[in-house]
Amino acid sequence: MADNSMVTLMAADHIEIQATLQAVKQCATLGTMLEVLDEQQTLGLPIPVLEVSGEALKKVIEWCEYHREDMVVETEQPGVAAQILTSLPQWDTEFFANIGDKDLLIKICNASNFLEIPLLLQYSIFVIAQALRGKSTEEMRAFLNIENDLTPEEEQKIREDNAWAMPQN
Amino acid sequence: MESLVSQPAVYPSISSPWHNNSHTSKDDGFMHLNQKIILPPGGRTQPQQFAPKQAEDSNMKPSRENCDRRRPGEDDTSRLPNISQQSMSQSVTPFLREHIPSLYAPIGKPDLPSMANLKNKDPNSKYCYRHRPDSKCRRAADESKMALIQRDLETLSAGDRQAITNVWSLFSAAPTKQRELMLQGIITQCCFPQLSTVSREVHEQLKIDFLSALPTELSLKILCYLDCSSLCKAAQVSRRWNALSGDDVVWHRMCEQHIGRKCEKCQWGLPRLEKKRLREWKIQHQYALPPAPVVVEDHTPLVSTTTKRIAEPSEDEGQAKRRCIKEGTDRNPSTAESGAGIKFRPWKDVYRDRFKVGSNWQKGRCTIKTFSGHANGVTCLQFDDNMLATGSYDATIKIWNIENNEVVRTLQGHTMGIRALQFDDRMLVSGSLDGTVKIWNWRTGACINTLNHQGGVITVHMEGDFLASGSMDRSIKIFNFKTQQSFTLRGHTDWVNQVRLDVTSRTLLSASDDCTVKMWDLDSRTCIRTYEGHVGQVQQVLALPDDFEFEDENVREADASSAASNRSVTPVASPNPHNSSRQAEERAAYGPIFLNDPERPLPPRYMLTGSLDATLKLWDTATGKSPRCFWGHVEGVWGLAVDTLRYVSGANDATVKVWEPRTGKCERTFTGHSGPVTCVGLSDSRFASGGEDGEVRLYSFEGEPSECLEWGTPS
């Protein structure tokens, strides 16, 4: 099968998405599945990805299409400390900037985990973490609308336990 | 209308979405609709008097015709198209019955076909993130929002209330697909001010606590990208955040990035502090487990104490990564051997201990101890956790107990001033202006051996089986403890002030009053290379740790920008294909001796020198160039000590300076000696300086930040 052949993916809400085979192979999960299955018999059948919503799958495939030429990164090898990511390449920065809404971002994060796309997973995790960096506790709560379920005593204790890392020290 | 007013029950009421009491069975196909819907009882059976207005002529498509701006004169109260009983029973009720059969279809005659139908239609039977019954994240915000909506609603007429409630009911009853259609229709009808409301509300409500929304392993990965301060702030957010942000996975990663090295991301490096723990552990176990285990000195950071556990030799390698110290052993050795509850020290605690020391260094917060007792200037020193050894022009060597500042022993035997000393577990060697090197058993004070030079001995260094010494007679002598043989290296044209062995590559570095540094091959006993550049006598030369990498700022910035503009920064794990040729090039730089013996380990790539021209210089030993010069001392540099995180230098100007290796900037200057500083020593959490004033000052950065004073002057 030529690498530019198209396949159809079917997302949770029965939305069908076209993608190049090469792009789909960025997803280790699907790549393995395609290798195991008999190509002749499955040719033309939509690949079910019912765990991922159509909206998220569209974005994931968009990313994969752009990155289809890239070498598929091996999943983390033990011993090799994971690369420290300090910034995203320009295209990916824009890709994530266009997502905007956090629900979709989290879906993409989950989807890349499920589909095993290590680089996309790393990038989306990085983007989520970047949003939190440098925020105070109150800002984090407000930013993500988290209810403080700590009792005042617990809160006091945690504050004292973590005082060493605060800038004034 | 009257009937509505008379029945309070018809008041539309919106309940909190987490009260999932109207339909709770797990397979009913729309758990994401778990909003309690209370329709007026009349919604299904009672006649309603709403006059059909627009609903009748509308063609069921979302229309742009009903924009309120186009009909400014219309009466406010009758704005809403009322839904007739007929249309209710024709459209609303069947819709509700179909989608919420448990509520709208009598239990006695379950609407089986439609339920089955529903199951097939909507495979998404999981709770959505927002309405999970266990989700707490939105509760407070939603509660207050609900109250606001309720309040606004009550200001409207009963008819409007009814109509609005009907719209909501329809929406809440609808499965995902229908809901999306409804929304799209509504949004198409919105004017810009309403769109703006939608946008604002959506932004406000789309705040997702990712730590609840994502699986734990992904949450931990996200936390791994945070810095120390953000992690500690995250710990105070909520219970779940506290647990996750303190997880060992996260802090192990933090420790890997920072301890014993400078983090590439934040340039923050932390001390190892391993040796002290190791020693404490050793002492306790030596008492506890006869025969005493033979312990090999280990400089590897974070490789634990468990690798040295003779008692548990079968411990696997994975365990070795963890610091397996029984809690309480630090303080209470008697309970250490219970063996029952081996507790792991949380990595966050490991990080915290080192962070305290690291920030103390940065801020200059330390405690100072002075050791005075020598009758003349101090010329050399070395210390470990509890022992300090000093040599002086008074011809004696003193061993001090750091804890109580007392002299444990005075080694006497040299006839002139001591200029150099070094000790390890086995022995102490000293070099004196009397022209001898003496080897002592420092535990008993006995002199074991004496070696002779033709002139005063200024420097000694031992490593492995070798002992090297440099002298005023311009020669270097190498003594082999094993063979008891010695040989001489000649080439310097003036006093040899410092020698450093590198047993791995079988080379030696020497610094001399002839203003040069030489690298020697111990096999052929010849000089491989001479480094010229200092304009004053070179007093000190030290090889830098193997992991030191010199980075030119210009090159570094260029690299970073090219990486950023790269299409994809796919991490490359495979070794650089040019590596082998680069290595061959580097090998050739050290001459035919190394080129012809590809197996021979190369000498240290970088070295640091200190000279009486008042500068420190960083050298690339392969190219012979000095890419960096450290300016700051105003008089000659006598003493130098380095580790991966900092350099410390002592000079004739009576100051000690702490330098940042990467940038070459002086971080802090310490004063206190009343004369030239002749020697310095450095460990993870302390440094010491000895002066011609006969004193040794020990600066310790271990204390609690609140208990330490700030010393030194930041630059």
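Colleague: Is the crossing left-handed or right-handed where helix 11 of chain B passes helix 14 of chain B?

Modeller: Helix 11 of chain B passes helix 14 of chain B in a right-handed crossing. Here the near helix is turned from the far one by less than a right angle, clockwise for right-handed and anticlockwise for left-handed. Before we go on: this is a predicted model, where local features need pLDDT of at least 70 and side-chain atom pairs count only at pLDDT 80 or more, while totals for chains, interfaces and linings use all residues. Residues are numbered from 1 along each chain as its sequence is written, and chains are lettered from A and ligands numbered from 1 in the order in which they are written.

Colleague: At what angle do helix 11 and helix 14 of chain B pack, and how far apart are their axes?

Modeller: Axes are lines fitted to C-alpha atoms, for helices over the stretch in contact, and angles run from 0 to 180 degrees between N-to-C directions. Helix 11 (residues 216-224) and helix 14 (residues 248-258) of chain B pack at about 30°, their axes 9 Å apart. On the helix 11 side, Leu220(B), Leu223(B) and Cys224(B) meet Val249(B), Val250(B) and Arg253(B) of helix 14 of chain B. Contact means that C-beta atoms, placed from the backbone, lie within 7 Å.

Colleague: How many helices and strands are there in chain B?

Modeller: Helices (H or I, at least four residues) and strands (E, at least two) are DSSP runs, numbered from the N terminus. Chain B has 20 helices and 32 strands.

Colleague: Let's look at a sheet. What is the strand order of the open sheet in chain A?

Modeller: Strands of a sheet pair through backbone hydrogen bonds, either parallel or antiparallel. Pairing here requires that DSSP finds at least two bridges between two strands. The open sheet in chain A has three strands in the order 2-1-3, with mixed pairing. Strand 2 (16-20) and strand 3 (47-49) of chain A stand at the edges with a single partner strand each, so one side of each lacks a neighbour in the sheet. From one strand to the next, the twist averages 35°. Strand 1 (residues 6-11) and strand 2 of chain A run antiparallel and are joined by five bridges, with Met10(A) opposite Glu16(A).

Colleague: Which helix packs on that sheet?

Modeller: Helix 4 (residues 54-66) of chain A packs there, touching strand 1, strand 2 and strand 3 of chain A, and its direction makes about 10° with that of strand 2 of chain A. Among the buried residues of helix 4 of chain A are Leu57(A), Val60(A), Ile61(A) and Trp63(A). Buried means that 20 or more other C-beta atoms lie within 10 Å of a residue's own; exposed means 12 or fewer, and partly exposed lies in between.

Colleague: Now strand 25 of chain B: how many of its residues are buried?

Modeller: In a regular strand the side chains alternate between the two faces of the sheet. In strand 25 (residues 647-651) of chain B, five of five residues are buried. Tyr647(B), Ser649(B) and Ala651(B) cover one side, and Val648(B) and Gly650(B) the other. Strand 24 (residues 637-642) of chain B runs antiparallel to strand 25 of chain B, with five bridges, and a hairpin of four residues joins the two. Four bridges link strand 25 of chain B to strand 26 (residues 656-659) of chain B, again antiparallel. That hairpin also has four residues between its strands, and Ala654(B) in the turn has a positive phi of about 70°.

Colleague: Which residues does Lys356(B) touch, beyond those up to four places away in sequence?

Modeller: Lys356(B) touches Trp164(A) and Pro705(B). Lys356(B) and Pro705(B) are 349 residues apart in sequence, with 7.0 Å between their C-alpha atoms. Lys356(B) belongs to helix 17 (residues 347-363) of chain B, and it counts as buried because it has 22 C-beta neighbours inside 10 Å.

Colleague: And Gln484(B), buried or exposed?

Modeller: Gln484(B) is exposed, since 8 other C-beta atoms lie within 10 Å. Gln484(B) sits in the loop between strand 14 (475-480) and strand 15 (486-490) of chain B, and has a positive phi of about 60° although it is not a glycine.

How values were computed
Two residues are in contact if their C-beta atoms, placed from the backbone, lie within 7 Å.
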